[in-house]
Amino acid sequence: MALSVKHLLDTVSLTADDITQILDTGRSFAEVNSRAIKKVPALRGRTIVNLFLEPSTRTRSSFELAEKRLSADSLNMGGSTSSVVKGESLADTIQTISAMNVDMFVCRASLAGTPHLIAENTDAVVINAGDGKHQHPTQAMLDLYTMREHFGHLNGLKVAIIGDLSHSRVAGSLVPALKTMGATPILVGPPTFQVSDPAYWGVEQTSDLDAVIPEVDVVYLLRVQLERMGGAVIPSKREYNRLFGVDERRRALMRPGSIICHPGPMNRGMEIMHEVADAPEAKVLDQVTAGVATRMAEMYLLLGGEGVAH
Amino acid sequence: MLIRNVRSIDPQVGLDDVLDVRIVGKRIAEVGAGLSAGDDEMLDGTGKVLVPGLVDMHVHFREPGFEYKEDIASGVRAATKGGFSDVATMPNTDPVTDTGTSVRYQIDRGIEEKKTRVRPIGALTRGEKGEALAEIGDMIEAGAVGFSDDGHGVQSAGMMRTCMAYVSQFDRAVIAHSEVDSLTKNGVVNEGRASTRLGMFGWPALGEELEIMRDIELCRLTGCPLHVAHISTARSLELVRAAKADGLPVTCEVTPHHLFLTEDDITDAYETNLKMNPPLRTPDDAVALIEGLVDGSIDCIVTDHAPHAKHEKDCEFEIAAFGTIGLETSLPLVLTNLVLPGRLSWQRLVEAMAISPRRILRLDPVKIEAGSRADLTLVDPRATFTVDLDYLESKSTNSAFLGAELTGRPADLFVSGRHVLVCGEVA
Amino acid sequence: MAEQGPKARIMDERDMRRTLTRIAHEVVEANEGIEDVALVGIVRRGADLAELLADELEAIEGTRPPVGSLDISFYRDDVVRHIQPVLHATNIPFSVDGKDIVLVDDVLYTGRTVRGALDAIMDFGRPDTVQLAVMVDRGHRELPIRADYVGKNVPSATDEDVRVSLPETDGAMAVEIWDAEADQPGGER
């Protein structure tokens, strides 16, 4: 049994079975990652290209580590060294790299739909490592993994997703994934950060953070990405922090046993205060750890599953 | 030439009858039943429909400046293929068509092709920069049929007032591309469901509607005829309806893609041929626009024919060029979706695609009666075909309707009596 | 496909229990006691067998050796052709450094599973020795691997399937020969 998808482009296409399989397999890789020798030969001889058209130290490191621990051979292509910025079309770049017989592309891009465009131009498997304001499915998987490890289940969880919702690929993939697994996301942010059609996702959206915090199991803080806004839609960091930042007062409103997640990197003093970021309920480092294991699982399942069709 | 036994439809003269039509030289010589053939070449019109030559008053032919997308020769072939005797070309060329000389250039280039006529629309402001009036009078002398900064709106209300006041001394319409840049900035798909689903910056309906409101008030102030280009929302239509009810000289147009496609047609495959300016809107908007076309609130159908080279569309959606080609598919789409299913009458079709655009562009009317100029389109309402690369004549292939299976197409076209489209093939 | 039933029953529960007792004695003898011995079963049936073998060793020596389990999915050399739907946890709750590790599996066939298991064990540390105990050796080796402790040698044809049933996984204890079927669970591929 393999995943129902050939590529990991978004979370909308994933079934509950797919997600469960990724999380279960991720657990096995978490065990591998806890060993002294954190490497297995599962993808020995496979070639994976990390095509990062938008800089990202964290996500790329996580993928690189996952690839090394699976014994895959990997090649990094970045925005500054890629010919993409020299006027070559993306399709040409992908066809050129594909001609070197690679097995997988891991792609990060600033433009929505780029991974889909890559998939159209190669026979290799494509993993979306974040495309513009659209989707970031591997982030959603590590988030779900972290929540499931803490609560033991996902069904019935209430998750407040707080911040710059309309520019967030993290929200874009986490919301459908949570819904597929039977959890209930609630979107919280200033109106200028809200998505224009929450009904499309079938979720509620509000600006009243204090009313939401006591109701939820997970307080998921989004990074406020000033570089992605295309215009100032909040007056200042200071005001955002007062209205939507999680400080000790808001932490005290949280339900017992509830947790805080953040995709990183955190803007301390903006969406989260220092003392809260280091509190035991903040699972930020658990998320990072889960990231390597779940990405190993995704690559293993996608590359292993490919052979079934042949 | 004698076209025999053809259903001839022209609401201008109250005509809808199976008749024979004789063309002599550049003019219609005779319209009647059982005309004698004499020495004339015969064209059997059985089962076909003859209408006054179609006009598309909103196309982009890209010459000069962007000949790699389209030039006047290829654009004219596409127009002839689509059954159009006249097309009005938008001035966003390079350099911008903002002088009498550049208007004259396009007309002359069109004449050389000996097919569909090219009727240039001049820029309202120099370089379409929205800063200083272009030489409107000079362009009218050269043959400009209207004025527009199409491609973007005139952002300054004061500048737009000046433009409309100045144009009001001539008998021409100002054609407004209605878009408030500060609202639509960065937008690539309709704001709402599509922008949420696809994760891209939204283009709010208000960005169009607000500028239409402003321009209607400027029309009221200046008396200058206002033609609203490619309306795309139900509210835009309401605004135009209200202005007409007030007796203002306001008209508007709609494209086939805003009638027959919606934001929901853009899938996770990010089809760049569906990236439009204005963007594809909601299904409710499309329904309202069709109603507006049927009841006459929308004056005409235009294509906004916007050719782009492969490399400008074969890329990420957010950086792809806006627009679709449309000349070759406009009539077939309207026939397939509206006329043949009985939702739009042939009379309304003729008004929207032949009569109204001539009126708005101040062109001489063309009628199916003796003495009129022989600009005639013969439609085969039963021919079925697939929109594929072979069918297209444009230099570019960025059609939003590639692969569509359509029924009804232009079979023959006469421009001043010259038989330029013969059995669906450009002569 | 309808199951036709086994072609032959090679061992029943009594045979298997007797054999485990014998192997336990051999392990004790070969290692001069079980002070440094640890058992690692290859999931699933090898892990079950390792627990049974540990029971026997405890009965003989009075102390129970550490028992771990090993899932070799990530070490298979045919991951593109075969993917485990559910991975079984590898769990080795002791240091393998300096130990005499007895790898336990149900059937020894081509040797590829054992090769994977050897790689996996080495990733956990540096044992003094690694020994191999199997309930059945059915021949047809493709790699230079042999078992130190063998329950029974069962010469078999490649179109046959040797199946070991165990209480934990199958609810019964037996060794049987079946006609091979596609996608047959159990046994070594």
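A residue is called buried if 20 or more other C-beta atoms lie within 10 Å of its own, exposed if 12 or fewer do, and partly exposed in between, with C-beta atoms placed from the backbone. The structure is a predicted model, in which local features need pLDDT of at least 70, side-chain atom pairs count only at pLDDT 80 or more, and totals for chains, interfaces and linings use all residues. Residues are numbered from 1 along each chain as its sequence is written, and chains are lettered from A and ligands numbered from 1 in the order in which they are written.

## A buried helix in chain A

Helices (H or I, at least four residues) and strands (E, at least two) are DSSP runs, numbered from the N terminus. Of the 12 residues of α6(A), 11 are buried, so this helix is largely enclosed by the rest of the structure. Among the buried residues are A:Arg169, A:Val170, A:Leu174, A:Pro176 and A:Thr180. The buried residues of α6(A) pack against α1 (16-33), β4 (125-131), α5 (137-151), β5 (158-162), β6 (184-188) and α7 (198-201) of chain A.

Just after α6(A), A:Gly182 has a positive phi of about 85 degrees.

## Two domains in chain A

Domain bounds come from an automatic or database domain assignment. Chain A is divided into domain 1 (16-136 + 288-309) and domain 2 (137-285). The C-alpha centres of these two domains of chain A lie 26 Å apart. Two residues are in contact if their C-beta atoms, placed from the backbone, lie within 7 Å. The contact takes 23 residues from domain 1 of chain A and 24 residues from domain 2 of chain A. On the domain 1 side, the elements that give two or more residues are α1, β4 and α12 (284-306) of chain A. Of these, α12(A) gives the most, with seven residues.

Residues are also sorted by class: Ala, Val, Leu, Ile, Met, Phe, Trp, Tyr, Cys and Pro count as nonpolar, Asp, Glu, Lys and Arg as charged, and the others, Gly among them, as polar. The side of domain 1 of chain A that touches domain 2 of chain A has eight nonpolar, 10 polar and five charged residues.

## How the chains meet

Two pairs of chains are in contact, and chains A and B share the most contacts. Here 22 residues of chain B are in contact with 21 residues of chain A. Helix α6 (residues 193-198) of chain B gives the most to the chain B side, with five residues. That side of chain B divides into eight nonpolar, seven polar and seven charged residues. No contact joins chain B and chain C, and their closest C-alpha atoms lie 28 Å apart.

## A helix pair in chain B

Two packed helices are described by the angle between their axes and the distance between the axes. Axes are lines fitted to C-alpha atoms, for helices over the stretch in contact, and angles run from 0 to 180 degrees between N-to-C directions. Helix α7 (residues 206-222) and helix α8 (residues 234-245) of chain B pack at an angle of about 10 degrees, with their axes 9 Å apart. That makes α7(B) roughly parallel to α8(B); angles under 35 degrees count as roughly parallel, over 145 as roughly antiparallel, 65 to 115 as roughly perpendicular and the rest as oblique. Residues that meet include B:Ile212 and B:Ile216 in α7(B) and B:Leu239 and B:Ala243 in α8(B). By class, this contact has five nonpolar, one polar and three charged residues.

## Chain C

Chain C has four helices and eight strands. From the N terminus on, its elements run β-α-β-α-β-β-α-β-β-β-α-β. Of the 189 residues of chain C, 41% count as buried.

## Backbone exceptions

Most residues other than glycine have a negative phi, and most peptide bonds are trans.

| Residue | Phi | Loop |
|---|---|---|
| B:Arg62 | about 70 degrees | between β6 (54-59) and α1 (72-81) of chain B |

B:Arg62 counts as buried, with 27 C-beta neighbours inside 10 Å, whereas B:Ser416 is partly exposed, with 16 other C-beta atoms within 10 Å. The peptide bond from B:Asp94 to B:Pro95 is cis, and a cis peptide bond also joins C:Val43 and C:Arg44.
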